[in-house]
Amino acid sequence: MEQIGKDIVQAVQFLKEDGLVAIPTETVYGLAANAFSATAVAKIFAAKNRPSFNPLITHTHDVEQVKQYVQYMPEAALQLASAFWPGPLTLLLPKKDIIPDIVTAGSELVAVRIPKHPLTLELLQQLDFPLAAPSANPFGYISPTKAAHVEEQLGERIDYILDGGECKVGIESTIVGFEGDRVIVNRLGGASLEAIEELVGKERVSVHAKVEENMNPKAPGMLKSHYAPGKKVLIGNISDLLNHYNKEEIAIITLKDYYPQISNDRQVALSVSGDLNEAAQRLFSALRELDKLPVKFILAELMPEYGLGKAINDRLMRAAADKE
Ligand code: TXA
Ligand code: MG
């Protein structure tokens, strides 16, 4: 049997037997297992070398199924769910006992989302359990946006990779929690902050997702160095940085500019038209490509701080953070 394909029957079979299947979503590929099975979920942590204190997102195909494993959904959660699902938004909600503690790393909250990808929605419809799925990369590395990325790094540890092509959003979901009637953004991502603010009212939204605040490993999944390539990433004004580094040793990532003094295969302009959605879609692939080059440094410039620009900057800053 081919290990990569579009065979949903095969994927269902593995998942029912507590196996691991990589699934495409609109954000990034996930490494999925039956969220109701502690045995299956333990295999995810092992395959990724993921620390057990870092909880997983559960994926389902409709809100009715979500209601079967959360205690309740606050008004703002219902509002966000109906506006964004299926889509790149994850909600933190109080869990029922049916969700094993290993999924939430002991937290009373479970992360929930309905992804927007036809193949994965079809798969989820055929299952009577949700899928726990972190991004399908070794812990700490860049998230995969193509089936080939998953195969390269985790292929040997996974039963099957469902190939849904290239991810359309390209960065992970936005994660939000609820405190009273406030909406707390824990991770910037594919659903823009502006869109969330517009829906629930700007005065009700706070962001607790700054890289500097994410140093405490007790805040699960908020380790500072994350989404990081092997090469050192340096952020700043590209022209300035170019004066300080040996051209033989660097590759560069920009939003739309090309630098004639650098060879073409060592630079990526994420979107020549300056479209931040396109830039987000290409970011992780670009980092992976540049990471394979025989260079020492990847120089990157920050994006404008609106729309998905904020989430891209968050990922670039994490990629640039020193490893702990
Ligand atoms: O777009 C995405 O969110 C992708 C796709 C596959 O859905 N998934 C993803 O999962 O990015 P992962 O595991 O790489 O990142 C999930 C983040 C982690 O930072 C984790 O700490 C946080 O979600 N998280 C999950 N459950 C949580 C919980 N109960 N409380 C707080 N944070 C939680
Ligand atoms: Mg991840």
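In this predicted model, R113 is buried, with 2% relative accessible area, where buried denotes under 20%, exposed over 50% and partly exposed the range in between (1.4 Å probe, protein chains only). The side chain of R113 forms a salt bridge with that of E26 at 2.9 Å, N to O, a salt bridge being defined by a side-chain nitrogen of Lys or Arg within 4 Å of a carboxyl oxygen of Asp or Glu. Because R113 belongs to strand β6 (residues 109-113) and E26 to the loop between β2 (21-23) and β3 (30-34), the pair ties together parts 87 residues apart in sequence; helices (H or I, at least four residues) and strands (E, at least two) are DSSP runs numbered from the N terminus. E26 is likewise buried, with a relative accessible area of 4%.

The structure holds 10 salt bridges. One of them joins the side chains of K95 and D101 at 3.4 Å, N to O; K95 is buried at 6% relative accessibility, whereas D101 is partly exposed at 49%. In another, the side chains of E194 and K310 meet at 3.8 Å, N to O, and this pair links helix α8 (residues 193-200), which contains E194, with helix α11 (residues 309-320), which contains K310, across 116 residues. E194 is partly exposed at 30%, and K310 is partly exposed at 21%.

Residues are numbered from 1 along each chain as its sequence is written, and chains are lettered from A and ligands numbered from 1 in the order in which they are written. Local features need pLDDT of at least 70, side-chain atom pairs count only at pLDDT 80 or more, and totals for chains, interfaces and linings use all residues, while side-chain values use heavy atoms, with hydrogens and water left out.
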